[in-house]
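Please examine the structure shown below.

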Amino acid sequence: MFETAAPQNPSTPVMVRTWREALRLYLQPASLRMLALGFAAGLPLLLVLGTLSFRLREAGIDRSTIGYLSWVGLAYGVKWMWAPLVDRMPIPWLTRQLGRRRSWLLLSQFVIAGGLVGMALNDPSQLLGPLVACALAVAIASATQDIALDAYRIESAEVNAQAALAASYQTGYRLAMIWAGAGVLWIAAWAQGEQATGYAQSAWQAAYLVMALSMLPGMLVVLGSPEPVPAPFKPARNVAEWLKGAVLEPFADFWLRYRWQAVLLLALIAVYRISDVVMGIMANPFYVDMGFTKSEVAGVTKVYGVIMTLVGAFVGGLLSARFGVMRVLMLGAVLSAASNLLFVWLSGVGHDVQALVWVISADNLASGIATAAFIAYLSSLTNISYSATQYALLSSMMLLLPKFIAGFSGDFVDAYGYASFFTATAWLGLPVLVLVALAARVHARKSLKTTSQENQGFTPLA
């Protein structure tokens, strides 16, 4: 049978009064586990999106087809549809051995690794269908891993530790994106030979097999980690009762807890990352049009940029533990919108690698701070009894509207130019500031009410 972790109550804040206490959060076993599991979560994303599009284009696949195949990534946006199954349904034998969260984590990781092996062995220049099927399997399994991992993280620590766990998770996630972005290209280039050009299936096969093997550390961490104490569930007598408990109650619980304020909170979640997401779609075309080479873009944005995001995530987690999530949430919103204006300046400077480094430094640092605070905020909104389903819904919502608007970004740039586009994305961040301020009031009232109830619980009887 499985080992369970000490029970935690994520709704009970633990005060962190000094910088040393805040830093110590990163050295706890839960934070170190989240570093490795974050790597396992971040690895598949680029391998079915950005890196895959590079491989397909090199294999001679037309841009239109590559664009349609990017819809594979929609699995991450609709993962809430099967989150109730991950939250409640046991896996035969495996759940008895590992527990509810770890069994789903391990199963999804095995499917990811198997799908990556399939992507390695199938040659898209000969037959595209099998590779696409494997990519879809990887995306669905990766989204499933995200559901189980978010629930595992939320159930493993109290509120004030969530920002540190989120920062550790983001660190592992971003390191995996370097490995799956720049690393896979380096492996393919090495396997092909420095002087070779064009598409070589054997080179990509070697690269994707290494990526599949890179899922092994995450599997080992899952096997060696304790299972959080499971929330008790009333056994369902029939399918209708199970659907009520697994599907309807998680969504009803959120509305009952926040009532009309739920509209405000959902609005904030839907637009918090809108400046970054909308701007990011046109970032790579912008680099190309400014004359930056592939090696310059890879070195500055794929490696150095990710490192700056890690620094931002660390700073965001540290500041959240020290000053509270809502203050850092506002700081992240301000920095995310303001940093887009630096791209307006860069569009006037033109091809200047040093200028690109400064812009990427500020933009990715802001993104890391905002992301760490935002993940901690989403975690605080969930009920531990429905953590997987509720967090999957909230984290999916944050991408749907920005991704939809971002689809029109190319038309905007064609009509008004890059400078106007980047300025417009900065203006998109202004409503976010208003929503964060309003949500902070809700958060403060809820915290005051919770504190008052706890104090009453310790009042002696007359």
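A cavity is a set of grid points where a 1.4 Å probe fits but cannot get out. Rolling a probe the size of a water molecule over the atoms shows where empty space is left. In this predicted model, the structure holds 1 cavity of 30 Å³ or more. The volume of the largest cavity is about 40 Å³. Its lining consists of Tyr272, Ser275, Ala333, Ser336, Ala337, Gly429 and Val432. Helix H17, which spans residues 325–349, supplies the largest share of that lining, with 3 residues. Sorted by class, the lining has 4 nonpolar and 3 polar residues, and no charged ones.

Attention may now turn to helix H13. Of the 11 residues of H13, 9 are buried, so this helix is largely enclosed by the rest of the structure. Among the buried residues are Leu264, Leu265, Leu266 and Leu268, together with Ile269 and Val271. Gln261, Ala262 and Ala270 of H13 are buried as well.

The loop between helix H12 (239–258) and helix H13 (261–271) contains Arg259. Is Arg259 buried or exposed? Arg259 counts as exposed, because its relative accessibility is 57% and the cut-off for exposed is over 50%. Arg259 also has a positive phi of about 50°, although it is not a glycine. Most residues other than glycine have a negative phi.

A positive phi is also found at Trp93, where the value is near 65°. Trp93 is placed in the loop between helix H5 (83–88) and helix H6 (94–98).

How values were computed: Residues numbered from 1 in each chain as written. Predicted model: local features only at pLDDT ≥ 70, side-chain atom pairs only at ≥ 80, totals over all residues. Heavy atoms only, no water. Helix = DSSP H or I, 4+ residues; strand = E, 2+ residues; numbered from the N terminus. Buried < 20%, exposed > 50% of the residue type's maximum accessible area, 1.4 Å probe, protein only. 1 Å grid on protein atoms, 1.4 Å probe; cavity = no way out; pocket = protein on both sides within 12 Å on 5 of 7 lines; lining within 4 Å. Points joined across faces, edges and corners; volume = space filled by probe spheres on them. Nonpolar A, V, L, I, M, F, W, Y, C, P; charged D, E, K, R; others polar.
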